[in-house]
Amino acid sequence: MPRPILATVHPEALRHNLQRARDCAPDSQVMAVVKANAYGHGIERCFDALRAADGFALLDLDEAQRLRALDWRGPILLLEGVFEPRDLELCSRLHLWHAVHCTEQIDWLAAHKTQVPHRVFLKLNSGMNRLGFTPAAFRSAWARLNALPQVDEISFMTHFSDADGPRGIAHQVAVFEAATADLPGERSLANSAAILRHATSPLRGSGNGHLAADWVREGISLYGSAPDYPQHSAADWGLLPTMTLSSRLIGVQQLRAGDTVGYGSTFTADGDLRVGVVACGYADGYPRVAPTGTPILVAGQRTRTLGRVSMDMLAVDLTPVPEAGIGAEVVLWGRSATGAVLPIDEVARAAGTLSYELMCAVAPRVPFAAAA
């Protein structure tokens, strides 16, 4: 029998979360962001559920090839563009759209020999200060691209730094609108937080009006995580969990007052305590830094972890589930067989990180399956 740990991907939840972006931005086309192997879910496992997207966005040429191998013929956008001149050959062959965020990428395009002009997304640094041309350099970059026979259509993009918080997006939208005024081409601005918080939604109106864009890029909300947690939960936004990491109890210990649990004896029982041992540890991608008290489900009931997370095991408090024994279901995050849900955002916050990291960190040794 294989070790009882499993990551389950929920296709219906992916479909539902994609529709949420459409509900919030009904006048925009939706790009499903599948970088980092679909945020750890697996591009191939997610693809059928995301076929209704208008396009896909990612980083790696290898992942773009995998999408084309799945017979996707629609738009694929390389969010960081190409990393060296020869990447443009594959862009031509696979008909990839790609971001242009620096003068070197324009130079490479100018030297590129192709009979298929490229669709590019000229990126503006509107305040994030990662990639993109400054407002002062943006128009000259556009003029250079517009003069190249290697370039067909030029679209425009930026990325919001504070869409999930009180500062919001107005300051960056103003910079973007000033830089792109009167320039022809489609626009792409909104990430998940901007889609949910700053666009019109029939289910949750933010009161901030409609964020006009030809394309929105749905990332973390596509995978059932709230981009502005803990201000809002995934349930607040009508999102469903798309990944369940589950295991089972493989041991039970009966502790008395003064007994400790795990390496370093960081947890000490203050009375009689029944403890379960779970087949999951940091070698499976569960965060080693998750402290005592991190939420977890046993047999559909919420309880807490105890002591340090080991490489292959962790301990849980069985007080809320006194009948649970070896073989009982344990949900590290996601949906229990009972229907109970443990949001990944709660686990991530307890561990001092984000849901993105937990999704992407599930280890190769953990088997994956798609829910029926």
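Is P75 buried or exposed? The views below are of a predicted model, and the first of them takes up this residue.

**View 1. P75 in the loop between helix 4 and strand 4.**
With a relative accessible area of 17%, P75 is buried, because buried means under 20% relative accessible area. Leaving out residues up to four places away in sequence, P75 touches D54, G55, F56, W97 and W215. A second residue, R349, gives a sense of distance: 274 residues separate P75 and R349 along the chain, and their C-alpha atoms are 35 Å apart.

**View 2. Rings around W72.**
W72 sits in the loop between helix 4 (61-69) and strand 4 (76-78), while F47 belongs to helix 3 (residues 43-47). The ring centres of F47 and W72 are 6.3 Å apart and the ring planes stand at 85°, so this pair is edge-to-face. The pair links distant parts of the chain, 25 residues apart. F47 and W72 are both buried.
W72 also pairs with F56: the centres of these two rings are 4.9 Å apart and their planes are at 90°, so this pair is edge-to-face as well. F56 is part of strand 3 (residues 55-58) and W72 of the loop between helix 4 and strand 4, so the pair ties together parts 16 residues apart in sequence. Both F56 and W72 are buried. The structure holds nine aromatic pairs.

Which residues of helix 4 are buried? They are L61, E63, A64, L67 and R68. Around the axis they cover an arc of only 160°, which puts them on the same side of helix 4. The cover over these buried residues includes helix 2, helix 3, strand 3, strand 4 and helix 5. Just after helix 4 comes D71, which takes a positive phi of about 75°.

**View 3. The buried face of helix 6.**
Helix 6 spans residues 103-111, and Q105, I106 and L109 are buried in it. Seen down the axis of helix 6, the buried residues fall within an arc of 100°, so they line one face of the helix. Among the elements that cover them are helix 5 (87-94), strand 5 (97-100) and strand 6 (118-123). Helix 7 (135-146) and strand 7 (151-157) also belong to this cover.

**View 4. H41 and its contacts.**
H41 is found in the loop between helix 2 and helix 3. Its relative accessibility is 0%, so H41 counts as buried. Apart from neighbours within four places in sequence, H41 is in contact with V9, C46, Y223, T242, M243, M359 and F368.

**View 5. The largest pocket.**
The largest pocket has a volume of about 900 Å³. Its lining consists of 39 residues, and K35, R130, H159, N191 and Y356 lie nearest the centre of the pocket. The elements that give two or more residues to the lining are helix 2 (35-39), helix 9 (192-198), helix 10 (344-350) and helix 11 (355-361). Which of them gives the largest share of the lining? That share, three residues, comes from helix 10. Sorted by class, the lining has 19 nonpolar, 11 polar and nine charged residues.

N37 is not a glycine, yet its phi is positive, about 55°. N37 belongs to helix 2 and is partly exposed, with a relative accessible area of 25%. D182, also not a glycine, has a positive phi of about 70°. D182 lies in the loop between helix 8 (170-180) and strand 8 (187-188) and is exposed, with a relative accessible area of 79%.

The peptide bond from Y229 to P230 is cis, and its omega is near 10°. P230 is placed in the loop between strand 9 (215-218) and strand 10 (243-255).

**View 6. M1 in the segment before strand 1 (6-9).**
At 93% relative accessibility, M1 counts as exposed. The C-alpha atoms of M1 and S140 are separated by 63 Å, and the two residues are 139 residues apart along the chain.

Terms used. Residues are numbered from 1 along each chain as its sequence is written. This is a predicted model: local features need pLDDT of at least 70, side-chain atom pairs count only at pLDDT 80 or more; totals for chains, interfaces and linings use all residues. Side-chain values use heavy atoms; hydrogens and water are left out. On a 1 Å grid over the protein atoms alone, a cavity is a set of points where a 1.4 Å probe fits but cannot get out, and a pocket is an open set with protein on both sides within 12 Å along at least five of seven lines; lining residues have an atom within 4 Å of a point. Grid points are joined across faces, edges and corners, and a volume is the space filled by probe spheres set on the points. Helices (H or I, at least four residues) and strands (E, at least two) are DSSP runs, numbered from the N terminus. Ala, Val, Leu, Ile, Met, Phe, Trp, Tyr, Cys and Pro count as nonpolar, Asp, Glu, Lys and Arg as charged, and the others, Gly among them, as polar. Buried means under 20% relative accessible area, exposed over 50%, partly exposed in between (1.4 Å probe, protein chains only). The arc is that of the directions from the helix axis to the C-beta atoms. Contact means heavy atoms within 4.5 Å. Rings of Phe, Tyr and Trp (its six-membered ring) pair if their centres lie within 6.5 Å; planes under 30 degrees apart count as stacked, over 60 as edge-to-face and the rest as tilted.
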